[in-house]
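Good morning, and thank you for making time for this item.

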Amino acid sequence: MNLMPKRNRLALVAAPLLLALGACATPFNANVSRFQAELPAPAGQTFAIVPQDPRNAGGLEFSQYAGIVAAQLQKVGYVPAANAQAADLVVQFDYGVDRGRDRLRDTGFADPFWGAGWGPGWGGRWGGRWGGGWGPGWGGWGPGWGGWGPGCGGGFGGGVDVVTVFTSGIDMKIDRRADGKRLFEGKAEASSNSNRLPYLVPKLVEAMFTNFPGSNGETVRISVAPEKKKS
């Protein structure tokens with residue numbers, strides 16, 4: 001006979017379930033593509049950040065995100081210049097998020113985005129400004145957390161619901177001011193259930209500068225901490 005009080009038995013049963021759910025907290029995953037040619041190793045060179053889209057010039061939102069990029073550049077050894085005319089390096093920066101699209105999600109706690117593909121690119125309100133995006137899609141990562149093992153897929157089962165998935169991205173280019181030579185190009189793109197740029201852009205910048213400047217021609221998947229949900 002099991003003499004353990006019923007509520008204690010329930011607690012023991014619930015504990016592994018809660019741990020499993022905690023382990024399934026979805027990280028923020030970004031696909032980062034970087035190209036470089038003669039980008040100087042940081043040794044005090046000065047930089048200035050300008051918007052790729054002239055409509056963002058002087059904007060408070062752009063200034064906030066430019067400050068995040070500037071902080072990362074300073075961490076690796078570059079120095080902010082007074083203006084673009086006085087800088088050794090001119091950094092062009094852009095950012096955005098699409099209008100979102102509905103996707104089916106297995107409520108068995110599988111990650112809703114892996115295996116669904118990354119779609120045709122940024123599309124939506126960005127029109128053709130971002131070109132063809134990242135190609136035919138980043139899908140095919142397998143069940144659960146996409147190719148990194150079984151992860152949280154195939155877990156507890158229990159039906160399907162619809163979630164809205166947003167694709168966000170940043171674009172960064174670095175030119176040598178003296179002769180206009182392109183030294184670096186990088187893109188970071190992510191799919192998530194958030195369309196809040198004040199959250200997304202810092203995460204994408206963090207991903208862009210992970211192991212910066214990276215290897216020429218590489219495309220890597222980088223995970224950073226997920227958004228904290230308000231209780």
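Two residues are in contact when they have heavy atoms within 4.5 Å of each other. The model on the screen is a predicted one. Of its contacts with a separation of 6 or more, 79% are between residues 24 or more positions apart.

The protein has 231 residues, and 40% of them count as buried. Its secondary structure consists of four helices and eight strands, arranged along the sequence as α-β-β-α-β-β-β-α-β-β-α-β.

Let me turn to the interior. In soluble globular proteins, nonpolar side chains tend to be buried together. Here, the largest nonpolar core contains 38 residues, and Ile49, Phe93, Ile170 and Met172 have the most contacts inside it. Two or more residues of this core come from each of the strands E1 (28-36), E2 (46-51), E4 (89-97), E6 (160-176), E7 (182-192) and E8 (218-224), and likewise from the helices H2 (60-75) and H4 (197-208). The largest share is that of H4, which gives eight residues.

Which residues does Met172 touch, leaving aside its neighbours within four places in sequence? Its partners include Val69, Val91, Phe93, Phe184, Met208 and Phe212. Gln52, Gln92 and Glu185 are also among them.

Next, the packing of two helices. The axes of H2 and H4 lie 10 Å apart, at an angle of about 25 degrees. Angles under 35 degrees count as roughly parallel, and H2 and H4 are therefore described as roughly parallel to each other. Their crossing is right-handed. On the H2 side, the contact is formed by Glu61, Tyr65, Ile68, Val69 and Gln72, and on the H4 side by Leu197, Pro198, Val201, Pro202, Val205 and Glu206. By class, this contact comprises eight nonpolar residues, one polar residue and two charged residues.

I close with the backbone in two loops. The loop between H4 and E8 contains Pro213, which is joined to Phe212 by a cis peptide bond with omega of about 0 degrees. Asn211 is located in the loop between H4 and E8; its phi is near 55 degrees, a positive value in a residue other than glycine. Is Asn211 buried or exposed? With a relative accessibility of 64%, Asn211 is exposed.

Glu38, in the loop between E1 and E2, has a positive phi as well, near 65 degrees. Glu38 is exposed, at 57% relative accessible area.

Definitions and conventions. Residues are numbered from 1 along each chain as its sequence is written. This is a predicted model: local features need pLDDT of at least 70, side-chain atom pairs count only at pLDDT 80 or more; totals for chains, interfaces and linings use all residues. Side-chain values use heavy atoms; hydrogens and water are left out. A nonpolar core is a set of buried Ala, Val, Leu, Ile, Met, Phe, Trp, Tyr and Cys residues joined through side-chain atoms within 4.5 Å. Buried means under 20% relative accessible area, exposed over 50%, partly exposed in between (1.4 Å probe, protein chains only). Axes are lines fitted to C-alpha atoms, for helices over the stretch in contact, and angles run from 0 to 180 degrees between N-to-C directions. Angles under 35 degrees count as roughly parallel, over 145 as roughly antiparallel, 65 to 115 as roughly perpendicular and the rest as oblique. A crossing is left-handed if the near helix is turned anticlockwise from the far one by less than a right angle, and right-handed if clockwise. Ala, Val, Leu, Ile, Met, Phe, Trp, Tyr, Cys and Pro count as nonpolar, Asp, Glu, Lys and Arg as charged, and the others, Gly among them, as polar.
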